[in-house]
Structures are given as structure tokens and as C-alpha cells.
Amino acid sequence: MNAPLTLAQQVGQCLMVGFDGLTPNAHIERLIRDYHVGGVILFRRNVASPSQVAALCRRLQEINAEVSAIPLLIGIDQEGGMVARIEEGLTPLPSALAYLAAGSSTDCEALSRIGAAELAALGININFAPVLDVNNNRANPVIGVRAFGETVDTVNQYGLAAMRGIQAAGVAATAKHFPGHGDTDTDSHLGVPRVGHDRGRLDAVELAPFRAAIAAGIDAVMSSHVAFPAVEPDADTPATLSHAVLTELLRGELSFAGVTFTDCLEMDAIARGVGTVEGAVRAFAAGSDVMLVSHTEARQTGAAELLLARVAAGEIDPARLSASCERVLTLKHARGMAHWHSLPVDPQPVLCRPEALALSQRVHQRALTQAGEFRPLDPVQPVLLITLEVRARTEIDEVALGKTLQQHDSLAGPLAALGFTVDELALPLAPSDQEIADAVARANAAAQVVVLSYNAVLHRAQQALLAALPWPRCWLVAGRLPYDLDLAPAAAGRLTLYANRPAALNVIAARLAGTV
């Protein structure tokens, strides 16, 4: 842009927002045209198909081009496995922990590059991945299989491979959730977790993967809404709002020069604390470059207006605003985001190429993990399938794609496709006493039973169900956290692929059938 940016335009570059719809609506148009927002984040609510996403991204850039020569950041959480906003029509990516089970960081880098190239073909230019948290707390409700392992070495090896793959495809990569969300037992979408370790431990474990990623040239870092008393004097202040964490530690000690994003400021850790609007100002003052407000227009416009008012009142140094804006512009230039108009209108030739699908299949098959002894299902006997299913969508739990036998995110479709007669009983993640009793009664009368759990180690009701089942004729599939397998040592078979997504379930079904 030849003319200097106004203060309002600079503030806009420091905001990323979301909206509800498959095409641009009045909400997002107002934010782009009137508030000059520099970024848009997409969720499943914005996704129907790859071609629709490509058209959406192009139209968002066209609207923006009418008022600005600076392209939009268009971001998404496309980690793979359990957190993938676009699933159908793209090459299936496994959960991060599955890469470790498969045993090849080279394949992790290659698949990450394939996935990012497909995003780029749709017009998405920044991925909020990789997760660089060390998942060293089995009670963690939010990270788990999204992490590349339970040790610094594995997170470094596989996390940096994913980073290299994403950036090699021309998409900006984002290390998250700084300074580390692995050793928590609270979901920051619901409250403020606290990591109480001393600074020596933080340096050795939590900070180590971020330090390595910064040295390797990561484009961006996303802060966590987690409190770190060893760094931030106020033990109730999460990293996102902490100058000690984001400026003194990240910018100062770790010498990070790229773009810092907040995690969504509408998460309860912020929204139910200082509030989203005030949180945006405090996050900026702490050192964030881009404030992420994913959902509510009033909060998005309120954040923009309050930031601008604080700059105008002299409470925020204009030079500080200029520095953040410049970092955002530098990233957009470095990743060639201004060339969105040269993307093909039809992305299909880039998507799901045979060699990409073959690599995905090999990685999923190698990642299949079996605990203890195993015998396959009897193909002649019917199968009672007990599925613990997500019924309320969160930012980390996706609801089933559909409720028919073939579409439901369970093993029913894959097992039926292999010739099994399947009777499915779907239960909520926390079944009632009556639901448990009914399920156990049906299991006792069944010839063979397959249970697809979902984080049973975190749900007492699921544990009660598992404890009452006739395990010698039951098989357990851990649909997310692999630690569920420890709950049924007497099972006829115990399997996990660190996800309950279709690509994982197809491999699981084949193993249950004894064909792999």
C-alpha cells in the first residue's frame, strides 16, 4: 500500500475474526469494509466442500480488495485427525500422536506438506498448527492426541517436521499453545488452567519445543490461556494477557521476531474473566500482534473500537501498534499472500492425488496400535457396536458428520462394508445409570461386542460401563485417547488409531476383521 495506513487500518490488521456462513454475509462484510480486519478464521460452520471453501476464500479476498491493497490472512485449525475443520474431499491427515506411532518423521513432513498444499489451493494461507505442547499429563482434556508425544524429543522431531512441511507448501505455520498446554487438567475453553512448575522445569520441557521451532524459523506463535506463575507474577493471569510471557519471555529471551496470535478471546478463560473486548486490549498490551475473536460481531467490533480508542487516548503507544502491524504485513509478503487471485478457480486437481492418498493410507496402517493379545471378530456372528459419541460440538470435539450407518463417525459403516451384521447402540460421552444398565444387558446377550470409547479415562460413567462388560467376548477401540485401552485388560482385542475419523476407523475395522 503506497499511502501510510491510518490508525484504524493498523488496528484492523491486528484482528482476526470469524463468522457463520458458507458465503460472506453482512457480518463479515462489515468487518472487512468498515473495520479493516486483516484476517478471517474458518471453522466447520464455513465448510460444505473444498470447492465451496475455495469460492468463499476468493470472495473474501475480492471484498477486501475493494477497500485494501493488503490481502487477508485466511486461517484454519487443520491439525489433522481429531481437529480438522475440512475433512471430506482432502487427503486424510492422522492425529499428531499417530505419526509417532507410525514411526516416521519423514512421512509426517511429507503429509503435512500435502495437507498444506491442499489448503493453499483453497485460498487458506495460514494454518494454526503444529501443536508443540508436550502431552505429559494423561488427564489433559484438550491436548492428548493433538500432541506429537509425551517427551520433548518426540515433539521436537515430529512437530518441527510438520512445521517444515506446512511452510514448504507456502502456508504460514503456527506453533501453539505457547508456553505449553500439555501439563494441564483443565480445558482453557472452559477455565484458566495453571502450570505450576518452576522455571527450570519450564525451560527443560514446556518451552523446549517452542525454542526449537523459533530457531528453525517458525512463522507464527499462538499463545495459550494458561497461567504460568513461574514467569507471570500474578498467578491468575493467563499467558495471553501476560507481558512477562509474551514480551519478556517470547520476544526477549527467546528472540521470536514473527507474528504472535492469541488463542480465541471468546474462550471462557478470557470471556468469563476480563471479558473478550477488554481481553483484546490487554493481550495487545502484553505483546500479542493479532487478537483472535472467532464468533460474535459485537465483541469483534467492540475490540476494534476499544483498541482504536486506547491508541487515540495515548494509552497505547502508536509505535507499538505500528510494530505489530509491520510484523503482520511482513508475514503476508513473505508467504506471497497477495497472489491469491492467481489460484485456480477449481482446486480439485490438487486434492486427494493418488500418491497422497497412498501415503496417508500407509501412515494410518502403520500407526494402528494394538495392546496385548488380539483375536479377530467372527465374521459369521453379528456385532453389537457400542459407540460413545460426541453430541455437543466444541473447538476440540467435532460432532458426527451424519447419522446414517455409512456416514456416522463410528465403526458401523466400515464394519458393515466388510460384511458384518452390525447393531449399533450410540451413547453420550457420560451415559446415565439406566443407559449403562441397558447397554450391559444388551452386551450380555450379544455374541460379540465392539466398544468405541471416547476419552473414557476422563469420564467416570464410561469407566463404569467398561467395568461391567463381558470382556472375553468384547473388543475395545479407543476412539481418541489411547489410555482408554488400559481400562479393559481382559478384552478380546484392544486397538487405537488415536482418532475416530473415517480414515482411522476404516483401518480399525479391517484389523477387527483380521484383514490387516
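Helices (H or I, at least four residues) and strands (E, at least two) are taken as DSSP runs and numbered from the N terminus. The model is predicted, so local features require pLDDT of at least 70 and side-chain atom pairs count only at pLDDT 80 or more, while totals for chains, interfaces and linings use all residues. Residues are numbered from 1 along each chain as its sequence is written, and side-chain values use heavy atoms, with hydrogens and water left out.

Ser-242 is placed in the loop between β8 (220–223) and α9 (243–253). Its relative accessible area is 0%, and the residue is therefore buried; buried denotes under 20% relative accessible area, exposed over 50%, and partly exposed the range in between (1.4 Å probe, protein chains only). A polar atom of the Ser-242 side chain lies 3.1 Å from the backbone nitrogen of Val-245. When neighbours within four places in sequence are left aside, Ser-242 is in contact (heavy atoms within 4.5 Å) with Glu-232, Thr-237, Thr-247 and Ala-286.

At the level of the whole protein, the secondary structure comprises 18 helices and 16 strands. The C-alpha trace spans about 75 × 50 × 40 Å along its principal axes. The radius of gyration, taken over C-alpha atoms, is compared with a globule rule of 2.2 Å times the number of residues to the power 0.38. For 516 residues, a compact globule would have a value near 24 Å, and the 23 Å of the protein agrees with this. Of the 516 residues, 60% count as buried. Among contacts between residues at least 6 apart in sequence, 75% join residues at least 24 apart.

Helix α14 (residues 354–367) contains 14 residues and reaches 20 Å from its first C-alpha to its last, close to the 20 Å expected at 1.5 Å a residue; the expected span is 1.5 Å times one less than the number of residues. The buried residues of α14 are Ala-356, Leu-359, Ser-360, Val-363, His-364 and Ala-367. These residues cover an arc of only 130° around the axis, which puts them on the same side of α14; the arc is that of the directions from the helix axis to the C-beta atoms. Packing against the buried residues of α14 are α4 (96–102), α5 (105–122), β11 (369–370), β16 (493–496) and α18 (502–512). Exposed residues Pro-354 and Glu-355 are carried on the face of α14 turned away from its buried side.

Arg-366, also found in helix α14, is partly exposed, with a relative accessible area of 37%. Beyond its neighbours within four places in sequence, Arg-366 is in contact with Ala-101, Ala-102, Ser-104 and Asp-107.

In helix α17 (residues 460–467), the buried residues are Ala-461, Gln-462, Leu-465 and Leu-466. Viewed down the axis of α17, they fall within an arc of 140° and so line one face of the helix. Their cover includes β12 (383–389), β13 (422–428), α16 (433–444), β14 (449–453) and β15 (474–478). Arg-460 and Ala-467, on the other side of α17, are exposed.

The structure holds zero disulfides, a disulfide being a pair of cysteine sulfur atoms within 2.5 Å. The sulfur of Cys-325 is 5.6 Å from the closest cysteine sulfur, in Cys-14, which is too far for a bond. Cys-325 is buried, with a relative accessible area of 3%, and Cys-474 is buried at 0%.

Technical notes: A polar contact is a pair of N or O atoms within 3.5 Å; within protein, one must be able to donate a hydrogen and the other to accept it, and residues adjacent in sequence count only if both atoms are side-chain atoms.
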